[in-house]
Amino acid sequence: MSGKAKMKSHFGNFLKYRYLIKELVSKDIKLQYRNSVLGMFWTFLEPLLTMIVLSLVFNRLFGRDSSKVVNFPVYLLCGKLLHEFFTSSTKRAMRSIRSRASIIKKVYVPKYVYPLSAVLSKFVTFIISLSVLAVVILYFNIANINPITVTGNIVWALLPITVLFFFSLGVGMILATLNVFFKDIENIYDVFCLLLFYTTPIVYSIDRLGDPSTSAVARLIRFNPMYGFIDMFRGAVIHGAEFFTYFDMNLFYYCCGFTVVVLIVGFTMFYKNQDKFILHI
Amino acid sequence: MSKYAVEVDHVSMLFNMSSEKVDNIKEYFVRLVTRKLNFEEFWALRDVSFKIEKGDRLGVMGFNGAGKSTLLKVVAGVLKPTMGSVKIKGVIAPMLELGAGFDMNYTGKENIFLYGATMGYSRKFLEEKYDEIVEFSELGKFINTPMKNYSSGMKSRLGFAIATAVKPDILILDEVLSVGDAAFKEKSEQRIMELMDDGVTVLFVSHSTERVKKICNKAIILTKGQLVASGDAESICNIYTEMVNSR
């Protein structure tokens with residue numbers, strides 16, 4: 001098959017299986033809370049309760065001495081929501097091939113459909129859960145406790161969210177491939193996610209780590225792309241008024257570059273090995 | 001346009017038969033270091049070639065382990081052959097094992113759309129076929145019950161109804177004609193006969209010469225992954241009967 005015809009058949013395949021992607025995403029979302037009393041409400045309640053718990057613990061522990069952190073609960077919630085999306089979507093993508101063993105062995109389905117729909121369904125949940133952020137900000141502004149000035153610059157929040165989606169997809173593809181050959185990845189990754197939570201400035205401010213010119217840890221943390229995504233998101237949501245002075249262009253380029261590399265590695269690994277999946281699951 | 005619906009060209013399939021499957025890192029490194037990572041090779045198919053004309057019904061016969069199921073999986077596109085190629089013209093409906101794509105927490109109705117989408121059909125198309133599928137599966141009011149409460153007969157009836165509601169060009173049958181009770185069996189056989197009258201191409205795996213004679217007009221025999229005979233169903237069935245008797 002010529003390159004052009006191959007591209008065309010790939011695209012035709014995608015059109016044909018877009019219904020499957022849609023079905024899988026809506027299934028994930030529908031089944032997530034089926035048979036639970038509060039149902040969809042948990043999408044809001046869960047991050048809200050986590051925010052309260054973490055605020056109580058870490059705000060007392062570290063105090064509110066950082067000038068950058070205007071409102072600790074909102075600061076924390078921004079980081080937690082993005083981190084939660086990344087870990088839950090990549091974990092789901094990681095298991096997506098292995099858990100579909102019975103169907104992959106019987107019917108031809110383009111295999112990327114499974115990690116893609118896993119990340120997509122968590123992305124939809126994430127977008128819905130963003131409304132809890134709106135509610136929390138509204139609460140603090142009405143109660144006039146450390147109010148946050150939300151400006152039109154909040155639309156810039158879409159930028160880190162979009163890039164994060166592709167980043168998660170790339171990581172998810174890598175994990176899904178690895179998990180087919182080495183089941184240990186599931187256990188290792190759980191621990192890794194915990195490590196990621198504490199090495200990303202979510203419950204603390206990066207300023208606490210000291211000046212990056214003197215502190216190696218502060219420099220190292222900046223290499224974590226999750227820091228970039230969360231920092232940009234916070235900039236748009238919390239520091240809307242001074243967004244353009246807050247926004248770090250180099251950090252954005254770094255995150256985009258990292259994402260492109262991860263996507264290329266993920267897709268290459270996945271496509272090179274997908275014919276072998278069936279022999280190992 | 002080629003007149004062939006399925007072209008299997010010099011297909012070979014190699015499996016690595018590691019006696020114990022290595023799926024964790026520790027084991028992998030232990031074996032890498034002790035050099036025990038060598039796999040035992042097994043050729044499930046060796047240089048198999050045949051063509052099926054449109055509207056032909058091919059019976060695939062052979063003893064257990066002859067490579068029949070592997071061949072069907074290669075034709076269905078589930079397995080990629082180690083060597084050779086397979087060309088398919090038209091929509092292929094696999095019925096290797098009914099109900100593999102069902103989600104047990106989903107209701108029958110939701111599963112119709114999920115299973116249909118897995119086979120590559122659009123929601124609109126499935127909505128058109130929905131009533132027909134429900135009626136054929138005889139599930140009635142149970143269609144809105146979660147599938148975990150279904151009996152195995154109900155599941156395979158629904159699977160059969162979905163797989164045949166669409167009008168495929170090529171139908172792959174792996175002894176699935178035995179679905180449900182006697183009445184449903186008859187109904188499903190009739191459904192398949194109807195599809196055949198419409199000119200659907202069939203690949204049928206069976207041990208029963210009687211069945212093959214009834215359904216197929218052509219047949220092949222596989223032995224240890226190799227194609228040993230091919231021709232019209234009648235004479236191939238006679239050869240197969242001799243093979244069974246001389247065993």
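**Exercise 1.** How many residues of chain A are in contact with chain B, and how many residues of chain B take part?

*Solution.* In this predicted model, 22 residues of chain A are in contact with 25 residues of chain B. On the side of chain A that touches chain B, helix H1 (3-32), helix H4 (101-104) and helix H11 (249-280) each supply at least two residues. The largest share, 7 residues, comes from H1(A). Sorted by class, this side of chain A has 11 nonpolar, 2 polar and 9 charged residues.

**Exercise 2.** Check the length of helix H5 (residues 113-143) of chain A against its number of residues.

*Solution.* The helix has 31 residues, and at 1.5 Å a residue it should span 45 Å. Its end C-alpha atoms are 46 Å apart, which agrees with that expectation. After H5(A) comes Asn144(A), whose phi is positive, near 60°.

**Exercise 3.** Which helix of chain A has the lowest confidence, and which the highest?

*Solution.* Start with the chain: the mean pLDDT of chain A is 88, and 93% of its residues reach 70 or more. Within chain A, confidence is lowest in H1(A), at a mean of 79, and highest in helix H6 (residues 158-181), at 96.

Definitions and conventions: Residues are numbered from 1 along each chain as its sequence is written. Chains are lettered from A and ligands numbered from 1 in the order in which they are written. This is a predicted model: local features need pLDDT of at least 70, side-chain atom pairs count only at pLDDT 80 or more; totals for chains, interfaces and linings use all residues. Two residues are in contact if their C-beta atoms, placed from the backbone, lie within 7 Å. Helices (H or I, at least four residues) and strands (E, at least two) are DSSP runs, numbered from the N terminus. Ala, Val, Leu, Ile, Met, Phe, Trp, Tyr, Cys and Pro count as nonpolar, Asp, Glu, Lys and Arg as charged, and the others, Gly among them, as polar. The expected span of a helix is 1.5 Å times one less than its number of residues. pLDDT is the predictor's confidence in each residue, from 0 to 100.
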